[in-house]
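I opened this notebook to keep track of what I looked up, entry by entry. Each entry takes up one topic.

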Amino acid sequence: MPEIQRSGIKANGIFTLFADIGRAKTTLLALAASSEEAYASSVSVTGAAIRNSLYTPEFQRLRSDYRAEDALLDVMRGAPARSGLDRAQYADLKVWLPGDILTKVDRTSMAVSLEAREPLLDHRLIEFAATLPEAMRVRGGQGKWLMKQTMRRYLPDDILFRSKQGFVTPIAQWLRGPLAGAARGISESAALARTGWFESGKLQSIAEAHIAGRSDASRLLWQLLMLDKSLDQLGIL
């Protein structure tokens with residue numbers, strides 16, 4: 001198994017590919033027999049159709065045929081894989097873990113001066129797991145099958161087989177409460193407005209629908225807020 005490293009995928013604003021809302025256990029199972037496009041769609045914060053609807057005609061022309069997903073697809077297509085499940089797990093190791101989950105663990109732990117460790121990412125264990133047939137990794141809708149069977153002698157089933165708990169923050173509630181003003185201000189933001197990338201009316205409509213509870217656009221709005229703050233902080237525009 002190649003060394004785990006950052007893939008270099010571009011993550012500018014709403015191009016960010018990682019959907020930080022907790023991944024269902026069945027994600028890899030569903031994608032095992034599916035395409036690279038399906039995987040890219042499943043981990044995207046905002047789908048391509050919605051993204052395209054936000055862009056101004058001028059930015060669409062500048063963007064040409066660029067797609068953020070293509071970098072992820074290249075990783076999967078170049079994977080030393082035997083199957084769709086292999087490709088999806090390889091993409092997780094190369095992209096999702098270092099670019100999302102491990103980044104959050106590192107920043108959160110270091111913010112309170114803790115040293116965090118991820119023993120299941122020991123390179124020897126990862127290399128061994130990569131050699132296992134799929135039936136020993138996933139069986140009956142259960143991931144990490146072999147490891148859990150091995151650990152049953154040490155841990156009770158209600159620990160081994162409990163539902164996964166993710167790193168979910170209440171962004172939707174924030175953007176309907178204390179950050180509602182910031183959500184409304186996205187369409188008029190000086191930094192974003194100067195880019196000429198987005199249709200201001202569309203952004204305003206999305207923000208109002210979220211605040212009113214008619215939809216949940218929290219991840220999109222958060223990405224836009226972070227893009228705006230980054231542009232302002234870096235003085236790019």
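**Entry 1: the Asp86 pairs**

I started with Asp86, which counts as buried because its relative accessibility is 10%, below the 20% cut-off for that class. The model I am reading is a predicted one.

I looked for partners of the Asp86 side chain. Arg82 forms a salt bridge with Asp86, and the closest N and O atoms are 2.8 Å apart. Arg82 itself is exposed, since its relative accessible area is 52% and the exposed class begins over 50%.

Asp86 also meets Arg137 in a salt bridge, again listed at 2.8 Å from N to O. This pair links distant parts of the chain: Asp86 sits in helix α6 (residues 84-111) and Arg137 in helix α8 (residues 134-137), 51 residues apart. I checked how open Arg137 is, and with a relative accessible area of 10% this residue is buried.

I noted a general point beside these pairs: side chains of opposite charge can pair when their charged atoms come close.

**Entry 2: other salt bridges**

How many salt bridges does a search of the whole structure find? I got eleven from that search.

One of them joins Arg124 to Asp122, with the closest N and O atoms 2.8 Å apart. I looked up both ends: Arg124 is exposed, with a relative accessible area of 56%, and Asp122 is partly exposed, with 27%.

I also found a network of salt bridges that links Glu37, Arg67 and Asp70.

**Entry 3: the chain as a whole**

I stepped back to the totals. The chain has 15 helices and two strands. Of its 237 residues, 38% are buried.

**Entry 4: helix α5 against helix α6**

I returned to α6, this time for its packing. Helix α5 (residues 69-77) and α6 pack at an angle of about 120 degrees, and their axes are 9 Å apart. The two helices are therefore oblique to each other, because the roughly perpendicular range ends at 115 degrees and the roughly antiparallel one starts over 145. The crossing of α5 past α6 is right-handed.

Which residues make the contact? From α5 I listed Leu72, Val75 and Met76, and from α6 Arg87, Ala88, Tyr90, Ala91, Lys94 and Val95. Sorted by kind, the residues of this contact are seven nonpolar, no polar and two charged.

**Entry 5: helix α14 against helix α15**

α14 and helix α15 (residues 218-234) pack at an angle of about 130 degrees, with their axes 10 Å apart. That angle makes α14 oblique to α15. I recorded the crossing of α14 and α15 as left-handed.

On the α14 side I have Leu203, Ile206, Ala207 and His210, which meet Ser218, Leu220, Leu221 and Leu224 in α15. The residues of the contact of α14 with α15 divide into six nonpolar, two polar and no charged.

**Entry 6: Glu208**

I stayed in helix α14 (residues 200-211) and picked out Glu208. Is Glu208 buried, partly exposed or exposed? Glu208 is partly exposed, because its relative accessible area is 25% and that class lies between 20% and 50%.

Leaving aside neighbours within four places in sequence, I found Glu208 in contact with Arg184 and Arg214. I also looked up the distance to Ala180, which is 28 residues from Glu208 along the chain: their C-alpha atoms are separated by 9.0 Å.

**Entry 7: positive phi angles**

Last, I looked at backbone angles.

Ser64 is not a glycine, yet its phi is positive at about 55 degrees. I located Ser64 in the loop between α4 (57-63) and α5.

Lys144, also not a glycine, has a positive phi of about 50 degrees. I placed Lys144 in the loop between β2 (142-143) and α9 (145-151). With 44% relative accessibility, Lys144 counts as partly exposed.

Notes. Residues are numbered from 1 along each chain as its sequence is written. This is a predicted model: local features need pLDDT of at least 70, side-chain atom pairs count only at pLDDT 80 or more; totals for chains, interfaces and linings use all residues. Side-chain values use heavy atoms; hydrogens and water are left out. A salt bridge is a side-chain nitrogen of Lys or Arg within 4 Å of a carboxyl oxygen of Asp or Glu. Buried means under 20% relative accessible area, exposed over 50%, partly exposed in between (1.4 Å probe, protein chains only). Helices (H or I, at least four residues) and strands (E, at least two) are DSSP runs, numbered from the N terminus. Axes are lines fitted to C-alpha atoms, for helices over the stretch in contact, and angles run from 0 to 180 degrees between N-to-C directions. Angles under 35 degrees count as roughly parallel, over 145 as roughly antiparallel, 65 to 115 as roughly perpendicular and the rest as oblique. A crossing is left-handed if the near helix is turned anticlockwise from the far one by less than a right angle, and right-handed if clockwise. Contact means heavy atoms within 4.5 Å. Ala, Val, Leu, Ile, Met, Phe, Trp, Tyr, Cys and Pro count as nonpolar, Asp, Glu, Lys and Arg as charged, and the others, Gly among them, as polar.
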